[in-house]
Amino acid sequence: MAEKGQHLRLLILGGTVEQPDNRVVALATDLTLHLSATTENSSTKDTTDTNGNYNEYDVTQRSGDIQFGALVGVGTDDGGKSFADFLASVNDSIINWKIVFVSGTNNRTVGKTLCSGAGKLVNISAQAQNRTKVTYTGGINIYGPVAVGND
């Protein structure tokens, strides 16, 4: 059975092993994970291809990013990571993240991990159109490997 979008959340990891402070994006509305690989043609005259029609490729670089969106709330984050929390995090610090399946009250009971890694928060942008709810979007550039969930 396929999961619904509200059951997949971005979790920002913090705190210590003794006292973890792992929080979802409060009032989240959107989540996009993007991974890509740059390849280079590695075919040579030694390449075994009986027809000679196909190239071989080697991965030369990997990259990825996470884009997320949420509502801006005042005093309604209920323990999640809010817009105000993210404003202070746009710096050169590496943050650890997980994308997890959730359930329970406010979809905050963490279940299995889809993937995890580290990255840097590179942008936060608020959108406040007249007579609509205030929203914001943010982006994390992924640094290093992405681990597939193993729990």
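Predicted model: local features only at pLDDT ≥ 70, side-chain atom pairs only at ≥ 80, totals over all residues.

Let me begin with E5 and strand E6 (residues 109-127), which run antiparallel and are joined by 8 bridges; helices (H or I, at least four residues) and strands (E, at least two) are DSSP runs numbered from the N terminus, and two strands pair if DSSP finds at least two bridges between them. Within this pair, Asn-96 stands opposite Ala-118 in E6. The hairpin of E5 and E6 has 5 residues between the strands, and there Gly-104 takes a positive phi near 75°.

Residues are numbered from 1 along each chain as its sequence is written, and side-chain values use heavy atoms, with hydrogens and water left out.

Staying in the loop between E5 and E6, we also find Asn-107, which has a positive phi of about 50° although it is not a glycine. Is Asn-107 buried or exposed? With a relative accessible area of 18%, Asn-107 is buried, where buried means under 20% relative accessible area, exposed over 50%, and partly exposed in between, using a 1.4 Å probe and protein chains only. Leu-27, in the loop between E2 and E3, likewise is not a glycine and has a positive phi, of about 55°, but Leu-27 is partly exposed, at a relative accessible area of 32%.

Ile-94, in the loop between helix H1 (83-87) and E5, is in contact with Ala-118, Gly-119 and Lys-120 once its neighbours within four places in sequence are left aside, contact meaning heavy atoms within 4.5 Å. Ile-94 and Val-24, by comparison, are 70 residues apart in sequence, with 17 Å between their C-alpha atoms.

Now to the sheet as a whole. It is an open sheet of 7 strands, ordered E2-E1-E5-E6-E7-E4-E3, with antiparallel pairing. Its edge strands are strand E2 (23-24) and strand E3 (28-41), each of which pairs on one side only. Further along that order, strand E4 (residues 57-71) and strand E7 (residues 135-148) run antiparallel and are joined by 7 bridges, with Gly-69 opposite Thr-137 in E7.

Stepping back, the protein chain reads β-β-β-β-α-β-β-β along the sequence. Its radius of gyration is 19 Å, well over the 15 Å that the globule rule gives for 151 residues, so the chain is more spread out than a compact globule; the radius is taken over C-alpha atoms, and the rule is 2.2 Å times the number of residues to the power 0.38. Taken along the principal axes, the C-alpha atoms fill a box of roughly 65 × 40 × 35 Å. Of the 151 residues, 26% count as buried. Finally, among contacts with a separation of 6 or more, 62% come from residues 24 or more positions apart.
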